Structures are given as structure tokens and as C-alpha cells.
Amino acid sequence: MELLSGGEIVIRALKDAGIKYVWGYPGGAALHIYDALYRQEDVHHLLVRHEQAAVHAADGYSRSTGEVGTALVTSGPGATNAITGIATAFMDSIPMVVISGQVPLSKIGQDAFQETDMVGVSRPIVKHSFLVTRAEDIAETIAKAYYIAATGRPGPVVVDIPKDVTDPDHKVPYHYPAEIKMRSYQPTDKGHRGQIKRAVQTLLDAKRPVLYTGGGVVIDNASEHLIALARELNYPVTNTLMGLGAYPGTDRQYLGMLGMHGTYEANTAMHHADVIFAIGARFDDRVTNDLEKFCPHATIIHIDVDPTSVSKNIEAHIPIVGTCSSVLPEMLALIKQADSSPDADAIAEWWQQIDQWRADKGIYTASRYEESSGNCIKPQDVIKMLYKVTNGEAIVTSDVGQHQMFAAQYYLFDKPRTWINSGGLGTMGFGLPAAMGCKLAFPDTDVACVTGEGSIQMCIQELSTCSQHNLPVKIINLNNAALGMVRQWQDMNYSSRYSESLYEDSLPDFVKLAEAYGHVGMKITHIDELEEKMRECFAMKDRVVFMDIYVDRAEHVYPMQMPGGSMRDLWLNKTERT
Amino acid sequence: MKRIVSILLENESGALSRVVGLFAQRGYNIDTLTVAPTDDDTLSRLTLTTQGDDKMVEQIVKQLHKLIDTIKVVDLTDGPHIERELMLVKIKATENDVRRELKSCVEIFRGHIIDVTASSYTVQLAGDSEKLDAFIEAVRDMGIMEVVRSGVSGISRGDKFLRV
């Protein structure tokens, strides 16, 4: 058997786990690992400028490809800097392995230089974590970490490795396990047959059904199954923020996103539905609004791979614990064999009603905001232009705030894994590093980071990483010189007292800043130059382009659910709200 | 409502902190917690008591099960079960009549006096939590110096058993 040091084993195990790319940042406790990395060519490392970005980039890589992302950081500040990224991945169930260096075993607990109890600090935000205490255990631990991260409800796994365990002078036999079996971890795959039959009958009997589908469909690569089922039934579909792209955004049966900033037709249909079929969605508070008033007429069918998501917020009448990719095809087969079929008249009537809602108040049947004119560029129009210029085929990452909601509403995602955003944790600073991860995975696809001048400044240092590793992403900065969503809430709830949400004249010249990093900067202040400049931007295939677009500072995101209301209680525009 | 939950856990470092952390993180209460390795030393058996309605306890059980180190979780309260707790109490006992009364009280509760000094008795008592509470009430006026309770351990009645 081959003898390797702990550091070498880490890298070899990554290779054997099928890992091509690692995002990271070296430091004292991780140096043995970094030295082993230097002495091989199978695993490529991408040096970032801040550990948070390493984890977000690994996350973006994972979200866009479906593979497990990998980040490597050192102990102490390296590890704690990674925490925000790990929490982001945890909230959105993103498979990821984060390897952190740790002080030597003998120093643990001594308040040593750059010591942090990484397993302890990360405990509430990981799917699982390991502290490796012997070089002999590294390979199996890494194999377990990838297995746990990728299976069941995916999530981040931390592997903390003390420096002496990676000692180059201590060589041990290397063995990477061919298969992982754990008696304490056996995720459910197939749903309960009886429950599935009940669910099918309930679906077939429905008169006002809605398919409410979430990130689980994307994570589980079950989009095709969802489309097949929805088409077979001719039932309306709404996606959550995390589920965008799981069902084609341009499809006739698609109602748009639901929830706090969801469409009128999606939220109203949910409210009036008699059967809600939740697929890989978790009844998040940004979807349901007041739980007491949630969908009063509906029988709830709920598929989720995670039993804790079932009946956590909303009681499921027919719970099914299993993967979307296993349960949906099983249901479709049963539907095709069933003696009964959907009540065509009732469903036609339901569609008529939905089409009426769309025509009256939908954001896709008419423009529900004042159009851009002259120097007043509406942020919604920027997203529409982005959609037009990229033919709806870009991978779009976003940060968090108004721009995120506008992108979610107006970029109609037709494919899963093309909308990359921090939905659960809502992490500003996610967009640019996540875009780097996507660009690494898909060098020939346009990758646009829709952001704002607030969010982009939280990880702007990564413009330098883009240069070093040739990651020509496009940054679409909706610049309103304010924390837009904070400002919107201050308009709505605090009589427009803009407490600490305005940048006044403190913003950098983003054009010069982009140029300082060796990129292209563009400043757009007039609606008439938007299309031409944006086409120019995307024509520069091998350059990072920072489009600093000055948008209407006063714009709000609508529709918006009224706090404490039901799903259908919505403000549809500013006039209605104020 | 009081619940007794039994858990079989991998006997590994960090496993217990994950269980305890889960309760803190999700706002559940732990009233008592006992943990020790079983006859198979790769396994720990953990019993905890908590308060909550059915919905909360269902979530607690599911969340516990979701922890990677957890092998099995059972809500013992669902069926017939036995619960036992061990208590050690040190009580002031200087006067002869107090010593006599305490001794008879210990007999009534079927406990044992396991340590004696000129001024104190240390009593060992096992039983369900209500019995231990009752003993404390019975001897409270004599002057309790120290109380140590193990927390509840539980096992189901009959032939049902919790094992890997």
C-alpha cells in the first residue's frame, strides 16, 4: 500500500472523490496541505481574496453544476471567515465540503495562535462536521464528508484537520474507501407507496389545484419529472425563489414566483386552491405569510426528502418523505394508469379564473410600474434588457435586496441551475463569488451577477480573483445609492426616515475601480444607452465588465404581501401601498 | 406535556454537543439529560425529558433523528414504559429525633443511607421523578444540604427494545 503524509492524503482523497476544483486561501495550519497541493496536478486550486468568497464560489459551482463544491481554509480567522458562506449553503441545502486547518492536536484548547473551535463554531450551520485526529482517518473522513454532503437533503460538511495530522514526515498507508456505509445515516429515497397512491387520487380529484415547487426540485435534478407531471395534468405551477427555473418561466402553465414578492396570480391561486401539491418546498415564512391565514381551503400534499421539513410550519395532509426524482415519476406512472382523470370542466374553469387574474393584475401581461424615461432608468427594465440581450440563456447570480427580487421577477428562467441566489440566509456579497464558481464550471455561458452598490461592496475584492483565474463574469450593478430594500421598508414602515441606508456621495467610481482591477467599467445613466452598452458588455466574451447602472432611487418592489395577511393580501404598487 | 425521549447515538466526540446544541438552537427545553455508553461501547444511550405539545415533540424527534450521529430515536411516552432516576441527598442530622425520623422516612421511601457523619446523613434514592420530589418535600424541613439527581433514564415495558 502506498505511503503518504496526511497533507498528501487530503489532496489525494479529494482527487479520488472526483474533485477537480478547490477554492481557498492558505495559512499556517493549512500549509502542509497547500504544499501537497503544489506537488500534484489533478486538483486545481483557485486563490480567492477572502475566505467567505471561497465558500460562496464553491457554492456557486455546486449550484450551477449539481456537484459538491469544495473550499479549503486555514484555522482561526480563515475558518471564521468561511462561516457566512457555510451558513448560506446550509440554509439552501447546497452540497459542499469545507476543509479547515486547525492548530496541532497538542495545542487545541490552549488558546493557541489562530485557534478557533471550528467544529463548535460551525455546529449549528453544518449538516455534519468532523475533527480528524489521525492521518490514518483522513481519507475515510473525506469520503464520508462527500457522501453526507451529497446525499439525502444535501448540505455543507466541515472537516477540521489539525496541522500535526498533516505532518509531511509522518507517512501512513493510503486507502480511499470504494463505498461508504454508515449505520447512523441512511437517507430515505423512495416515498411510501400507500401515501403516493393517496396523493395521486387527491390530485386527480382536485378542482383548483396548484403545484408549489421549491429548491428541492432543482437540487434533486427533478425538473423534467416535474414538467412531465404538470403537463400530463395541465395544472398550474408556481416556483419559490429557490425553485426558479425548475419549471420553465415562459411556460403557459407557469404562474410566476409566489410569496412575499410573488405574482398576484400565483399568490391568489394558492389562496383559493383546494389542493396544494408542495414539491421540494418548505413553507418558508417568505412564502406563506401569516400561517393562520394560509390557504384556508387547501388539502396539502407534501413531498420532501427531509422529514423535518414536513409539517414543520404547515401541517401536511398527505406527507411523502422521499426524493422528488423518485416520487414524481412514480406518481406520473400511477396517474397514467388511473381509472379516473382530472375533472376537465373544473380545471378549465380554474384556468379561466387564473387567466383573469393574470390579465387584471399580473406583472407579465402588462407593465405595472412607470416605464423608464430619460435619466430615470427603472431597475425592472434593466432586468428585462438583460433577459433580452442574453436571450434568457445566461446564468444569473444575485446578491440580496431589491435587485434580487427584480431579477427573480423579470428574468424568466427556463432551466434549473441558471438562477443562483442566497434565498434562505439572504447573504449580501454572495453574487460575485458565486458567479465566479458558475463561470469556472461554464466558461462558454454568459454569467451575469445582478447586484446593487450595497451588496457588491461586500465581496468586491473578488474582482481581483476574476483577473487571476480568468473568470470573465458580467456585473450588472443596479445603483440607487441606497440599501434599496432597507430604504423601501423605511418608506413603508418608518415614514421615510432613512436610518443608515443612504451612501450619499461616498460611493466609489465603479468604472475606475473596475479598471483598477484590469477590467472594463461602464457607467449608464440614460435609458437610451442601456441596450447598446449591454450588448457591448456581453460581446466582450473574455473580459469582466462592470456595468454601473444608475436606476430610479425611489422604486419599490411590488407585488408585496401585507404583513400579517394571507397569501393573496398584496400591495400591487406604490400608490396602492401609500 | 412531559416527554421522555430515548436516543441511541454513536459514541463519538461531539455527538452529545450536537444533541444539546439542537435543543438550544431550536428553542426546545431540556428538563433532564442522562447519557452513558451501552454494553456496546461504540454506542451511547441518551435519555432526555422535555416539555412540549405533540407537534413540537414530533419536530424534536425528527430533528434528533436527522443528526448524523443518531442511530435511533424513540418517544417512550407513546407507550408503556419505566422511568427511573437516582438521587443522592445530604441532609443535616444532628439531633437524635431528626436522625430517627429521617431513617424511618428513608425506609418508607425504600432508600438507603449510604454515608453517615455526626451531623449529616447522605441518602440514596431511586424511583420515578415524582417519588424523588415527594421525598424532598418530606425531608425539606430537616435541612437539606445538597441534592444530586441523575436525570431520568427510561426503558419501554415488555419485550420491545431499542438496539442497533
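The model examined here is predicted. R49(A) is located in the loop that links β3 (44–47) to α3 (51–65) of chain A. Residues up to four places away in sequence being left aside, the contacts of R49(A) are with Q461(A), E462(A), S464(A) and T465(A). The C-alpha atom of R49(A) lies 29 Å from that of V551(A), a residue 502 positions away along the chain.

Chain A contains an open sheet of 6 strands, arranged in the order β11-β10-β9-β12-β13-β14 with parallel pairing. Helix α7 (residues 193–205) of chain A lies across β9, β12 (275–279), β13 (299–304) and β14 of chain A. Relative to β14(A), α7(A) runs at about 135 degrees.

Two helix pairs of chain A were examined for their packing. In one of them, helix α9 (residues 223–233) and helix α12 (residues 324–337) of chain A pack at an angle of about 25 degrees, their axes being 9 Å apart. Angles under 35 degrees count as roughly parallel, and α9(A) and α12(A) are therefore assigned to that class. The crossing of this pair, α9(A) with α12(A), is left-handed. From α9(A), the residues H225(A), L226(A), A228(A), L229(A), E232(A) and L233(A) meet C324(A), S325(A), L328(A), P329(A), M331(A), L332(A) and I335(A) of α12(A). By class, this contact comprises 10 nonpolar, 2 polar and 1 charged residues.

In the other pair, helix α14 (residues 379–389) and helix α15 (residues 402–410) of chain A have axes 9 Å apart and pack at an angle of about 50 degrees. The arrangement of α14(A) and α15(A) is therefore oblique, and α14(A) passes α15(A) in a right-handed crossing. On the α14(A) side, P379(A), Q380(A), I383(A), K384(A) and Y387(A) take part, meeting Q402(A), H403(A), F406(A), A407(A) and Y410(A) in α15(A). The residues of this contact divide into 6 nonpolar, 3 polar and 1 charged.

Helix α16 (residues 431–441) of chain A has 11 of its 11 residues buried, so this helix is largely enclosed by the rest of the structure. Among the buried residues of α16(A) are G431(A), L432(A), M436(A), K439(A) and L440(A).

Between the chains, 16 residues of chain B are in contact with 12 residues of chain A. On the side of chain B that touches chain A, the elements contributing two or more residues are α1 (15–25), α2 (54–66) and β4 (70–75) of chain B. The residues on this side of chain B comprise 3 nonpolar, 8 polar and 5 charged.

Notes
Residues are numbered from 1 along each chain as its sequence is written. Chains are lettered from A and ligands numbered from 1 in the order in which they are written. This is a predicted model: local features need pLDDT of at least 70, side-chain atom pairs count only at pLDDT 80 or more; totals for chains, interfaces and linings use all residues. Two residues are in contact if their C-beta atoms, placed from the backbone, lie within 7 Å. Helices (H or I, at least four residues) and strands (E, at least two) are DSSP runs, numbered from the N terminus. Ala, Val, Leu, Ile, Met, Phe, Trp, Tyr, Cys and Pro count as nonpolar, Asp, Glu, Lys and Arg as charged, and the others, Gly among them, as polar. Axes are lines fitted to C-alpha atoms, for helices over the stretch in contact, and angles run from 0 to 180 degrees between N-to-C directions. Angles under 35 degrees count as roughly parallel, over 145 as roughly antiparallel, 65 to 115 as roughly perpendicular and the rest as oblique. A crossing is left-handed if the near helix is turned anticlockwise from the far one by less than a right angle, and right-handed if clockwise. Two strands pair if DSSP finds at least two bridges between them. A residue is buried if 20 or more other C-beta atoms lie within 10 Å of its own, exposed if 12 or fewer, and partly exposed in between; C-beta atoms are placed from the backbone.
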